[in-house]
Amino acid sequence: MHWADSIATALSHRGDKHVIASGITPSGEFHIGHLREILTSDIIKRACIALDLDAEFVFFVDDADPLRKVYSFLDNSYEQYIGHQLANIPPPDANGVPDNERFAQGISYARHFLEPFIQALEAIGVQIDEVIYNYDAYQSGKFAEASRSACNQVDAIREVIERVSGRELDDDWFPWNPIDSKGSIDGIRITGWDDPIVNWIDSDGNSGQSDVTKGEGKLPWRVDWPAKWVWRGVTMEPFGKDHGAAGGSYDTGKEICRLLGNEPPYPTTYEWISLKGVGAMSSSTGVIIGPLEALNLVPPEIIRYLITRNKPNRHIDFDTGSALIELADEYQKKLSDLEKGPGEWDELSRRQQVAWEKLKAQLLYSQIDPASTPQAASERVTFRHLSMLAQIRSEDANVWGSLHRSGLIESEPTGDLPRRLELMRAWISSPHFPEAFRLRIQTEIGDGAKENIDERDVDYLKALCRGLADCEWKSHEINAIICNEAKSRDISLRDAFQTLYWIVLNQDFGPKLANILEEMDMQAVLDLLQLAIDELSS
RNA sequence: GGGCCUGUAGCUUAGCCAGGUAGAGCGUCCGGCUUUUAACCGGAUGGCCAAGGGUUCGAAUCCCUUCAGGCCCGCCA
């Protein structure tokens, strides 16, 4: 059974109505790891609906959280905003400097980072039923009951946190972080609690009052989380493994949740996505692949597939290089496997049946439109093949022509093929494109070529030069000359082409050579051949 | 210290929750096509399922122990 279906089945034993939640702090650029959080929830929601459960997906934007520090991508002038809530400070401009102009137009720091992410979510088929801005939720009193309840049970909550997490809280710890006279929630000491008013004194010695029902501050994280569960009735939430560790915020959260009067949600811990060869992605260190960036390389269903094919507890090494091309091709192959069908069901082993069910679910949950059934593309053009053609053919029309000649498409490209080519071109021109797939047209004779061509080829190469010099510069003409000159000298085509691959690409294989040569300038080809002849003659 | 995850063919892995002959993709090799390919089609190769013990008629799967790797526990998902 697919992991999402297992979770949905577990949820069905708890009730018919489910609120699946995700929460992210918009402290910096969003990355593909955040996408895992959201997609995990989205896929579980779809699985619930498939089981006829009533399920909705709410996305908590933790914009009431304070700026923790001046991140590497921020200008030092952000120093003044440390401790201030993310919904309340200006966004950085291109240089990381606070952009007060945009802030005046209503774009906060949090919104600045959130908006492109929300766009990416739409593109990837995530249907969020409700986006909850935590800052607004506090302001409008959504947290009022839970906040008062927490403040009235300060001892019980302190006991839970100290016992479960094993850390000691300060004597004056209080489950409310008020906003001080400067707008910061750091460095404030609580001096009294008179429901619903918290009295405090800040680091400058100024004192004040904070009404917990009006969002004049916020609950600290370990209380804030269960408070969300309570007021919004969350029944399921996936979270990163940092929260899932023993004594972590889920452990304390589930007990605090009961103190606040509700059962905690069904948990799912998911592993992190790291960038292959670089390490874990982190908004604060700048090690990121933005979700938009990833979506600029491959169609969005490939990113969904990355998440559906891996169980949440499975660590993912994300690799924008050859592994991504292979992933995309695997997705397409599985689609056509699905179309072929499982064969005689009764003759399948149980193992095969399990695999089939899982394949179906993986592909189903990869669809952008939840209502659509997975369908194999009518063409069988792999990403691998497309990556070659895109490099050889600078004009789209020539790519389609090539695919048509090789019988892979009827005449005009159909489906998402034009879009895939567009993405592929962007990928190739990005630093993410795998070097192993990159074609390198040589301008001099490489070492590999020197070792692998010999004098027997000289006569052949000379003949080629003569032939190519006055042929019509079309791939079929070029190809005919290459083949005919080889035949007339009893050189096997395999050897002839290998020799030429060595000269042109400095490797012994490649895509259709004539197509490459056609894209090159005739004189450049002749010059390169002459260099090879000179090399051999010396 | 506490805890989580992972360990299956050269590589990536499915199968483990509900025990019943170890599956796939990539790679490699061979063959087909031969006006060539990294395309396409067909075939082959390859695993004492980390180690040890236990339960069982039967264990990759359940239990215990060990080893190895990764990670989390200062709100970075």
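Reader: What lies over the face of Y133?

Author: R111 does, at 4.1 Å from the ring centre. Keep in mind that this is a predicted model.

Reader: And which charged end sits over the ring of F383?

Author: That of R420, at 4.2 Å from the centre of the F383 ring.

Reader: OK, rings with rings now. How many aromatic pairs are there in the whole structure?

Author: A search finds 20. One of them is F73 with F113, an edge-to-face pair with 6.0 Å from centre to centre and 75 degrees between the planes.

Reader: Where in the chain are F73 and F113?

Author: F73 is in the loop between β2 (54–61) and α3 (100–104), while F113 belongs to helix α4, residues 109–123. They are 40 residues apart, and the pair links distant parts of the chain.

Reader: Is F113 buried or exposed?

Author: F113 has a relative accessible area of 7%, so it counts as buried. F73 counts as partly exposed because its relative accessibility is 28%.

Reader: What about Y305 and Y331, what kind of pair is that?

Author: A tilted one, with 55 degrees between the planes and 5.3 Å centre to centre. Y305 lies in helix α12 (residues 300–308) and Y331 in helix α13 (residues 322–340), so the pair ties together parts 26 residues apart in sequence.

Reader: Those two, buried or exposed?

Author: Both Y305 and Y331 are buried.

Reader: Back to F73. Which residues are in a cluster with it through ring pairs?

Author: Y71, Y78, Y81, Y109 and F113 are linked with F73 in that cluster.

Technical notes: Residues are numbered from 1 along each chain as its sequence is written. Chains are lettered from A and ligands numbered from 1 in the order in which they are written. This is a predicted model: local features need pLDDT of at least 70, side-chain atom pairs count only at pLDDT 80 or more; totals for chains, interfaces and linings use all residues. Side-chain values use heavy atoms; hydrogens and water are left out. Rings of Phe, Tyr and Trp (its six-membered ring) pair if their centres lie within 6.5 Å; planes under 30 degrees apart count as stacked, over 60 as edge-to-face and the rest as tilted. Helices (H or I, at least four residues) and strands (E, at least two) are DSSP runs, numbered from the N terminus. Buried means under 20% relative accessible area, exposed over 50%, partly exposed in between (1.4 Å probe, protein chains only). A charge sits over a ring if NZ of Lys or CZ of Arg is within 6 Å of the ring centre and within 35 degrees of the ring normal.
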